[in-house]
Structure formats: C-alpha cells, structure tokens
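Subject: Handover of a structure for your review

Dear colleague,

Please find the structure below, followed by an account of what was found in it. I would be grateful if you would read the two side by side.

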2 protein chains.
Amino acid sequence: MESLKKDKTLKERKRGVRRDPEANRQLLIKATLDTIADIGITDTSVSRICERSGLSRGMIHLHFGGKDKLLTEAAQQFSAEYYAEMDRMTDLGLHSSPEDRIMAVVGADLSEVLLNPRSTKIWHAFRGIASSHPGIARYSSTQDHKLVDTLLEAFRELGEQNGYDPDLAEDATSGTLALLEGMWVNYLTDMQSFSREGAGALIRRFLGGLYPGCF
Amino acid sequence: MESLKKDKTLKERKRGVRRDPEANRQLLIKATLDTIADIGITDTSVSRICERSGLSRGMIHLHFGGKDKLLTEAAQQFSAEYYAEMDRMTDLGLHSSPEDRIMAVVGADLSEVLLNPRSTKIWHAFRGIASSHPGIARYSSTQDHKLVDTLLEAFRELGEQNGYDPDLAEDATSGTLALLEGMWVNYLTDMQSFSREGAGALIRRFLGGLYPGCF
DNA sequence: GTCACTAATGGACGATCGTCCATTAAATGT
DNA sequence: ACATTTAATGGACGATCGTCCATTAGTGAC
C-alpha cells in the first residue's frame with residue numbers, strides 16, 4: 001500500500017502537471033504524519049520524510065524553512081482534519097435532541113474514521129513533545145475549540161429541558177471530553193481488546209448517571 | 001536548585017564512598033527523567049544525560065548497555081515510583097468505606113506528589129514514544145495493575161452494600177481511570193488554570209451519578 | 001607494597017542529523 | 001525564440017548522535 005502511493009506520486013510527477021508546489025507541500029505534510037505513525041516521532045528525520053514523499057531533501061527547507069516549522073504545520077493540519085471530520089460526522093442532525101447530539105460527538109470520536117492506529121499514534125506523539133515545542137502545544141488540546149461549545153450547549157439544553165442544575169453542563173462537558181481522552185489512551189495501549197461499543201456504552205452510562213432519565 | 005544538586009553529587013563523590021556503581025546507576029536514571037522533563041524526550045541524548053548527572057559519557061553503555069535500555073529502565077522506575085507513592089497514600093485507611101477508598105485513589109492521583117509538571121511531562125513523553133518502543137510501552141499503562149483491582153473491589157463492595165448492578169463496578173473502574181487520564185491531559189495542557197479540587201469534584205460528581213446516594 | 005580486579009573516564013569512530021546553496025529543470029513572459 | 005523567474009535537486013557542511021574501547025584510577029586481597 002505504501003509503495004503503491006509512492007509510485008502514484010512519481011507517475012503523476014512524470015506525466016501530469018510537472019510542477020505543483022502546493023501539492024508537494026501537502027505531500028510533505030502527509031509524509032511527515034505517516035512517518036510519525038510508522039516509526040515514531042523520535043526517528044522521524046528530514047531524510048526519512050523526504051524518502052517517503054519521494055521528494056528531494058532540499059524541499060523541506062524550501063517549503064517550510066526547517067524541520068520544526070514542518071512539524072508544526074503537520075500538527076496544525078492533523079488537528080484541523082480531526083475537527084473537520086468531527087464536524088462532518090455531527091453536523092448532519094442539527095435539530096435532533098441534545099442527547100443525540102452529544103452521543104453523536106461521542107460516537108464520532110470513537111469511530112474508525114477518527115480513532116484508528118494512525119491517528120492515536122500521531123496524536124500522542126505530538127502531545128508527548130508538546131511541552132518542549134510551544135508551536136505544537138497549540139494543536140494538542142481539545143479544550144479550546146468549538147467542540148466544547150457544541151457539547152456545552154447541548155448539555156445546557158438537556159439540563160434546561162429536564163430541570164437540572166445549569167452548572168452541571170460544564171462538568172458534563174469537561175467530563176465527557178476527559179472520558180474520551182481516556183478511551184483514546186486505552187485504544188493506544190491495547191488496540192486488540194478495545195471495544196468501540198463498550199467505550200460508547202460506558203460513556204453513555206456515566207452521562208445517564210449525571211442526567212437520570214436521559215441517555 | 002539544579003546546580004546545587006550537581007554540587008552535592010560532586011562533593012559526595014569527592015569525599016564519601018568514592019566508587020558506588022549502584023548509586024551511579026540511580027543517578028543516571030534520575031538524570032534521564034529530569035532531562036526528559038526539562039528539554040523533552042526528543043532532545044534527550046546520551047551527552048545531555050551525562051552532562052546533567054556529572055558522570056562521563058561512557059557510563060551509560062557501561063551500566064545499561066545502551067541508551068534504549070536506559071530509557072526503558074527509566075520508564076520502569078518512573079512507573080514503579082508512581083505506584084509506590086499511590087500505595088503509600090492510599091494504604092493508610094484500609095478498613096474505611098469503599099467511597100473513601102475510591103476517593104483516596106482519586107485524591108492521590110490528583111495530588112501534587114503524583115500530578116506535577118515533572119511527572120506529567122515525563123508520563124506523556126513516554127506514552128508518546130511507546131508505540132515505537134515496545135520496552136517502554138509496558139510501563140505506560142494504568143490498566144494492568146493492582147490499582148485496577150483496588151478500585152474494582154471497592155466499587156463491587158459499594159455496589160453490594162447499596163444494591164447496585166455488580167457489573168457496574170467494571171465500568172466505574174474503567175471510567176474513573178479514564179477520567180483521571182483526562183485530568184492529567186488537562187493539567188499538562190494548561191497548568192495555570194487547572195484546579196485539583198475542581199477535578200476531584202468533577203469525578204466525584206460523575207461517580208455520584210453512577211451510584212446515587214453515595215459520594 | 002604489590003597484584004588483580006572492577007569502576008570510571010573521555011576520546012575515537014562512523015553514521016546520521018538539520019541546514020544551506022550552487023546548480024539544473026521547468027514554466028512563464030516578451 | 002530567448003530571457004526571466006520560480007521549483008526542485010542533491011550534495012557539502014559542521015554538529016551531534018550513540019557506540020565502543022584503550023586507558024586511568026580506585027578498591028580489596030594477600
């Protein structure tokens with residue numbers, strides 16, 4: 001599968017549009033993420049990235065000005081892709097019940113599209129070096145994003161409808177995200193025995209406890 | 001504080017017992033963990049570790065046989081220290097109520113002894129490279145340890161006492177650990193605004209939802 | 001005091017790191 | 001068609017990587 005990708009790349013470069021800076025930029029970012037997922041961020045070097053992308057070693061400096069900048073852009077793009085997919089999978093039923101909207105977020109986060117070997121490895125690799133790479137740290141948090149507002153709003157609405165303490169919504173939001181973080185860790189630690197359904201059921205159970213009668 | 005440690009080390013070597021292989025081993029492991037917490041695991045090299053420990057560059061190969069082995073032993077020791085501290089902080093009241101025992105685990109995990117800048121940075125650094133370092137992966141999980149049994153037993157007892165579904169205990173255990181994982185991530189992401197009390201209260205709230213009338 | 005033994009040193013080694021740039025190739029403008 | 005501009009190459013560069021080992025220094029036995 002990997003060598004197939006490489007061949008496709010090379011062929012495109014031989015016959016199609018022969019110079020495409022933007023495509024090469026993207027190719028380098030993708031190669032970076034793939035390399036991190038494959039051999040770990042410690043062994044992800046400029047040479048290895050270029051090798052995988054099929055481009056020459058000078059390209060990174062040309063397009064990004066250095067390895068660190070490339071890493072930062074890769075983290076940014078990876079984060080953006082996560083949220084784009086999350087939006088795509090949850091925006092569909094906007095006028096559904098708060099429970100459904102919340103569980104849609106949970107389900108999306110636990111789905112194979114978002115939670116897979118590649119993404120968990122990359123995600124945790126970036127988080128692991130975030131404390132020493134300020135540029136990357138900006139993209140290794142779930143906490144300051146639209147996603148929080150989505151959940152918060154849904155929980156508020158749910159609480160309002162059923163007469164629960166309004167400030168419960170904040171804890172519910174924060175707790176839901178924390179539970180999901182924990183599930184990702186479980187998945188990373190043991191992909192074999194991880195159950196998406198089990199993880200979803202667990203979170204539903206916790207939320208059902210917080211909002212009795214719902215979920 | 002750091003140069004002070006170094007001086008102390010040097011002085012000990014000058015006047016006290018002048019050759020102490022085991023002490024140097026420990027010194028190297030400590031220097032490794034400190035370096036990871038300080039400059040990140042990417043920049044943690046043999047030279048940097050030796051520099052910090054005040055020992056010569058050959059020591060790592062002499063005592064551990066290579067950098068990877070040292071890293072693995074450091075991860076192992078770090079993990080062991082975590083569980084030792086956890087035991088120390090929770091074994092005190094063995095015959096107390098299940099709720100208290102559970103919240104003791106939560107409180108310990110959120111206490112400054114276990115949850116601090118150094119430990120979170122090291123923990124996440126190791127986890128970030130775990131997928132590509134099988135030796136380290138063994139020590140980057142909370143899931144296969146005595147701690148699980150402690151919680152499981154307490155939740156079972158709690159369920160029994162109050163007439164709850166016994167299989168709730170497994171979800172409660174797994175969820176509690178997941179929530180704690182999430183709290184560690186929150187702490188790593190934003191140490192300034194993190195509140196230990198808030199985090200503890202949130203978890204208590206979730207558990208109170210699962211076991212109404214308790215917590 | 002001498003000898004055997006182990007701990008510890010610090011530099012040599014080849015490999016690889018990330019950066020940079022002179023050169024080549026392709027696209028664009030005239 | 002040729003000149004100009006931009007994309008892309010691939011090797012040179014010094015620095016640093018991790019490993020290894022000949023050497024030195026400290027320790028204990030006799």
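How many salt bridges are counted between chain B and chain A? The count is six. Please bear in mind throughout that this is a predicted model.

**Chain B against chain A**

One of the salt bridges joins the side chains of Arg205(A) and Asp165(B), with an N to O distance of 3.5 Å. Polar contacts between chain B and chain A, taken with both residues at pLDDT 80 or more, amount to five residue pairs. On the side of chain B that touches chain A, at least two residues each are supplied by α7 (117-130), α10 (168-189) and α11 (196-210) of chain B. The largest share belongs to α10(B), which provides 15 residues. Sorted by class, this side of chain B holds 14 nonpolar, 17 polar and seven charged residues.

In terms of extent, 38 residues of chain A are in contact with 38 residues of chain B. The area buried between chain B and chain A is about 3000 Å², and carbon and sulfur atoms carry 65% of it. Of the area that chain B buries against chain A, 21% is supplied by Asp171(B), Arg205(B) and Phe206(B), more than by any other three residues.

**The two domains of chain A**

Chain A is split into domain 1, covering 1-65, and domain 2, covering 72-215. The C-alpha centres of the two domains of chain A are 31 Å apart.

Between them, domain 1 of chain A and domain 2 of chain A bury about 920 Å², of which 67% is on carbon and sulfur atoms. Within domain 1 of chain A, the residues that lose the most area to domain 2 of chain A are Leu33(A), Ala37(A) and Ile41(A), together 52% of what that side buries.

Two salt bridges are found across this domain interface of chain A. The side chains of Arg25(A) and Glu73(A) form a salt bridge with an N to O distance of 2.6 Å. Three residue pairs in polar contact are also found across the interface of the two domains of chain A, both residues being at pLDDT 80 or more.

Of the atoms of DNA strand D that come within 4 Å of the protein, 58% belong to sugar and phosphate.

Phosphate oxygens of DNA strand D are approached as follows:

- A polar backbone atom of Val46(B) is 2.7 Å from a phosphate oxygen of DNA strand D.
- For His61(B), a polar side-chain atom lies 3.1 Å from a phosphate oxygen of DNA strand D.
- For Asp20(A), a backbone N or O atom lies 3.4 Å from a phosphate oxygen of DNA strand D.

At least two residues each of the surface near DNA strand D come from α2 (21-39) and α4 (59-64) of chain A and from α3 (46-53) of chain B. With three residues, α4(A) gives the most to this surface. The classes near DNA strand D are four nonpolar, nine polar and eight charged residues.

How values were computed:
Residues are numbered from 1 along each chain as its sequence is written. Chains are lettered from A and ligands numbered from 1 in the order in which they are written. This is a predicted model: local features need pLDDT of at least 70, side-chain atom pairs count only at pLDDT 80 or more; totals for chains, interfaces and linings use all residues. Side-chain values use heavy atoms; hydrogens and water are left out. A residue is near a molecule or strand if one of its heavy atoms lies within 4 Å of it. A polar contact is a pair of N or O atoms within 3.5 Å; within protein, one must be able to donate a hydrogen and the other to accept it, and residues adjacent in sequence count only if both atoms are side-chain atoms. Helices (H or I, at least four residues) and strands (E, at least two) are DSSP runs, numbered from the N terminus. Ala, Val, Leu, Ile, Met, Phe, Trp, Tyr, Cys and Pro count as nonpolar, Asp, Glu, Lys and Arg as charged, and the others, Gly among them, as polar. Domain bounds come from an automatic or database domain assignment. Buried area is the accessible area (1.4 Å probe) that two parts lose on being put together, summed over both. A salt bridge is a side-chain nitrogen of Lys or Arg within 4 Å of a carboxyl oxygen of Asp or Glu. Contact means heavy atoms within 4.5 Å.
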